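User: I would like to go through some labels and hear how each value compares with its cut-off.

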Amino acid sequence: MNYSIEASKSIALLGYLMSLPSSQVKIQICKTIVSFYNMDLPGKRLSGYQPTSPNYKIQMAEAGGVAEYFVYSLALVENQLTEKLWVLKALQHLSISETSCGQMVQAQAASRLCLCLNDADPSGQLMFHSSDILWNLLEKTSKEEVVYQLRSLECVHALKEAFVDLMCGFRHCDHQLRNDLLVIATLLAEYPAVPMIESGFAEILIVLATCTEVKLPNPLVKGFKLTYSYEDFEMKKLLFNIIGILSKDPSSTQLLSENHVIPALLYYVKKNRKPGFPDWSAAQYEELQLHAIAVLASVAPVLVDKYLSCQANTLLLVFLEWCVSQDPFFGQGNSFHGTGGRGSKLAQMHYSLRALRSVVALYDDAVSINLCDQGAICQLLDILKYAAEKFKEKESSVLLEIQTDILFILSVLCESDNHKKELFSCEGIGILIAYLQMDPRSLYSGLGHNYLLLSALDCLWSCVIGCYIAEDSFIEKQGIFLLLDLLSLQEKNLGNIILGILVEFSDNAKTILHMNIWQGKRGQTAANVLIQLWRQEEMDLGVKRDQYGKIVEAKRPIATSFQKQQKVIPVPANCPGFSIMEISETLRAKIYSLFCKLGFEHLPGLSAKDVVTLAIIQHFIDFKVGEVWSEIKEEIKEEFRPVTSDERILKLISEVSENTGRKVVALQTEALEKQHRQEIREEKKTYQKIKATNTQREMVNKSWENFLARTSNYEALKKAKMLQGTLIEASRSKIKLPNGPDHPTDIPKLQITVAPGRCVTVGSTSHQGGPLADTDHAPKKSSACKKAFRSDQKR
C-alpha cells in the first residue's frame with residue numbers, strides 16, 4: 001500500500017497506451033487487464049520478487065480509472081472487430097465493480113455500447129458482451145443516468161434492431177440474449193421521455209405479446225415461432241409486463257387498441273378445463289393466466305370502449321362464478337401472482353376482482369349499468385359471503401383484499417340509485433353488521449383489517465344511506481349502536497367517516513332515539529363520546545383552553561394554532577377562505593351537527609367539564625360566523641380602506657362575536673361554580689355521615705363500658721337497678737284502676753346482673769277483674785319458654 005499511488009498511475013498508463021495505432025499493443029493491454037481477474041497465482045515467479053494479490057491489482061485498476069479510458073478507446077477500434085471484442089471483454093470484467101461502472105457511465109458508456117450492438121459480428125460475441133455490460137451498468141450505478149444516456153432515438157432504434165434480429169433466432173443463446181434485451185427495453189419503457197413509440201419498438205413488442213392469442217397475421221412478427229421453451233415462457237411474461245408499463249403512457253392508447261390487447265388478455269379469462277395447456281405446463285399456464293388478468297386491470301381503464309365491446313364484464317362475472325364453484329381445481333401458487341392461492345382458486349378470484357375494480361373506479365355509467373344488468377350486485381354479495389367465511393377459517397391478505405375490492409365495487413354500483421340500495425339491503429346489511437362487529441384488537445394486527453373496516457364504512461355510506469328501507473333495516477339490527485361503539489374507540493382514522501355517517505343517518509328519527517339510549521363502557525353516553533372527541537380535536541388543532549376547558553380568547557375562541565400563524569391572503573369571491581375550508585377538514589362541524597339533532601339540554605351523564613365544552617359546541621356556528629367576518633375584514637384592509645358606514649358595521653359585527661364569547665365564558669363559569677357548590681354540599685353530607693358514625697361508635701363504646709361496670713362493680717349495679725326502677729315507674733300510667741292488679745318488675749331470687757332472657761310471663765286480668773280464664777283464646781306459656789325460664793332460674 002506504500003506504493004498504491006505509483007501502482008494506480010502505472011496501470012492508468014495502460015489506458016493511455018490504448019491510443020497507440022498498434023493492434024498488438026491494444027490486444028495485449030486488454031489481455032493484461034483481463035488477467036487481473038484471474039484468481040490463480042502465476043506458475044512462474046521471478047527471482048527476488050513477490051507477486052501481488054489479484055484483489056490488489058483490481059483495486060489499483062479501479063483507482064487508476066482504466067475503465068474510462070477503455071470506453072473512449074471504443075471509438076478507436078470501431079472498424080476493428082478483433083480489437084473491439086477484446087476491449088468489450090476487458091470492460092465486461094471491469095464492470096463487475098461499482099467504481100469502474102461509475103467511471104464508465106461518466107464516459108457515456110451506455111450510449112456507446114448500445115450504438116454498437118448491431119455491428120457486424122459473425123460470432124455474436126459483440127452483442128453478448130455489450131448487453132452484459134449494459135446490465136451491470138443498470139444494476140451498479142444510477143438507473144436514471146443510464147436511461148438518460150439510452151433515451152436517444154438512435155439508441156432505442158439500435159436496441160429494436162438487435163431485438164428483431166434475435167427474435168427469429170433458433171439457438172438457446174439467442175433466446176437468452178433476446179430476453180436480456182427485453183428486460184433493458186422494459187426499464188426504458190418506464191420513462192415516458194424514451195421514444196419507444198416513435199421508434200416503432202413499442203408496436204413490435206405489443207404485436208409479439210398478442211400474436212399467439214389473437215392469431216392474426218402481422219408482418220412485424222413474420223418468421224417468429226413460439227417454441228414453448230422456458231426462455232419463451234419468460235419472454236411471454238416480460239411482454240405482458242411491458243404492456244402494463246406502456247398502458248400508463250397516454251400516447252400508447254391507440255397502439256394498444258389497434259393491436260387487440262384487450263381480446264388477447266381476455267383469452268385467459270376462462271376456466272381451466274384441462275390440467276394444462278397443450279404446450280404450456282399447468283403451472284406455466286396458471287402463471288400466464290394470472291399475469292394476463294393482472295395486466296388487464298391496468299389496460300382496461302385506458303380502453304373502456306374496447307373493454308365493453310369485448311363483453312369483458314360478462315367474461316369476468318362468469319369466471320368469478322367458476323371461482324366459487326365446486327369445480328375441482330388446485331392452483332399451484334408458485335408465481336408472484338399466485339401467492340396465497342395454492343390449492344384453491346383464490347388467486348384467480350383476487351385478480352379478476354382487481355380488474356373489475358379498476359374499471360368500476362372510473363365511475364363510468366356504461367360500465368356500472370352493464371354490470372348491474374347482469375346481476376352483479378347479488379353475485380358479488382354471494383362472493384363476499386364466501387370470502388368472509390373463508391377469512392374466518394384462516395385469515396390471509398389475499399382474502400382481505402378480495403373483500404375490500406368487493407365492498408368498493410358495491411359502493412360505486414349502488415351510490416346513486418335507491419333501487420340498487422334496496423337490492424343490496426336484502427343480504428348486504430347483515431354482512432356489513434358482521435364487519436362492524438370486528439374485534440378492535442385486530443385493527444393493530446398489521447394484516448390490513450383497518451382497510452377492510454374503512455371499506456365496510458364506505459360501503460355503508462354509499463349502499464345504505466339515502467334509502468329509507470335500507471336505513472331502517474340497518475337501525476333495527478342495532479347498527480347505530482355498533483357505530484357508536486367504534487366511535488368510542490377514538491381512532492383518528494375512523495372518527496371522521498363514522499361521524500359523517502351518523503350525520504347522514506341523523507335525518508332518520510330512529511337514529512336519534514338509538515343514540516339517546518346507547519351506553520358504552522363505564523356508562524358512557526353518546527354525548528360523552530362526542531364531547532371527548534371535540535376536546536381531543538381541539539387539543540390536536542392547538543386551540544387555547546384553560547385547565548377547566550374554558551375559553552381563553554373571547555375574540556377568537558375557536559381559532560386553531562395554524563389559523564393564528566396563517567397570514568391573510570386575499571382570494572377571489574368564488575374561492576372559500578381558510579375558515580370555511582377548515583370546516584370540512586376537522587370533526588368539529590360534524591359534532592356540532594349531531595348535537596343540533598340530540599339537543600343541548602337535558603343530556604344525561606355530563607360532568608361540569610362536559611357542560612363547559614358543550615357551551616362552546618352550542619355556539620360553534622356563531623363563532624365560525626365571527627371568524628369568517630374577521631377574515632373578510634382583514635382581506636378588505638389588505639386591498640382598500642372601507643367607507644365609514646361599512647367600517648362601523650364591521651366593528652359592530654366584531655363586537656357581537658366578542659360578546660358571544662364573553663357570554664359563553666360566563667355560562668362556563670356559572671357551570672363550574674354550580675359544580676363547586678354541589679361538591680361542597682356532597683362534602684358536607686359525607687362529613688355528617690362520618691360524624692354520625694363516630695357518635696354511634698361512641699354510644700356503643702359507652703354502653704359496653706356501662707355493662708362492664710355493672711358486672712364488676714356492685715355499687716354501679718345497684719345504681720343501675722335504681723335507675724331502671726325509676727324509669728319503669730315513670731313509664732306507668734298515672735291513673736290507678738280500682739282493684740287493679742299490681743305487676744311486679746322484679747323476678748324473685750334472681751342472682752344475675754343482666755336481663756334474664758327473651759321469654760317473660762305476662763300477667764293480665766279478665767274484664768271481670770279476676771285472673772285471665774284458662775281458655776283456648778288465653779295466651780299460654782310455650783314449653784320452650786318454660787324450659788328457658790327454668791334454665792335462667794338455675795343460673
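User: Why is cysteine 173 called partly exposed?

Analyst: Cysteine 173 has 42% relative accessibility and therefore counts as partly exposed, since buried means under 20% relative accessible area, exposed means over 50%, and partly exposed lies in between (1.4 Å probe, protein chains only). This is a predicted model, in which local features need pLDDT of at least 70 and side-chain atom pairs count only at pLDDT 80 or more, while totals for chains, interfaces and linings use all residues. Residues are numbered from 1 along each chain as its sequence is written, and side-chain values use heavy atoms, with hydrogens and water left out.

User: What makes cysteine 155 buried or exposed?

Analyst: Its 2% relative accessibility is the reason, so cysteine 155 counts as buried.

User: How many disulfides does the structure hold?

Analyst: The structure holds zero disulfides, a disulfide being a pair of cysteine sulfur atoms within 2.5 Å. Cysteine 155 is in none, as the nearest cysteine sulfur, belonging to cysteine 114, is 4.5 Å away.

User: What places lysine 345 over the face of tryptophan 322?

Analyst: Lysine 345 lies at 4.9 Å from the ring centre of tryptophan 322, and a charge sits over a ring if NZ of Lys or CZ of Arg is within 6 Å of the ring centre and within 35 degrees of the ring normal. Arginine 357 likewise lies over the face of phenylalanine 408, at 4.3 Å from the ring centre.
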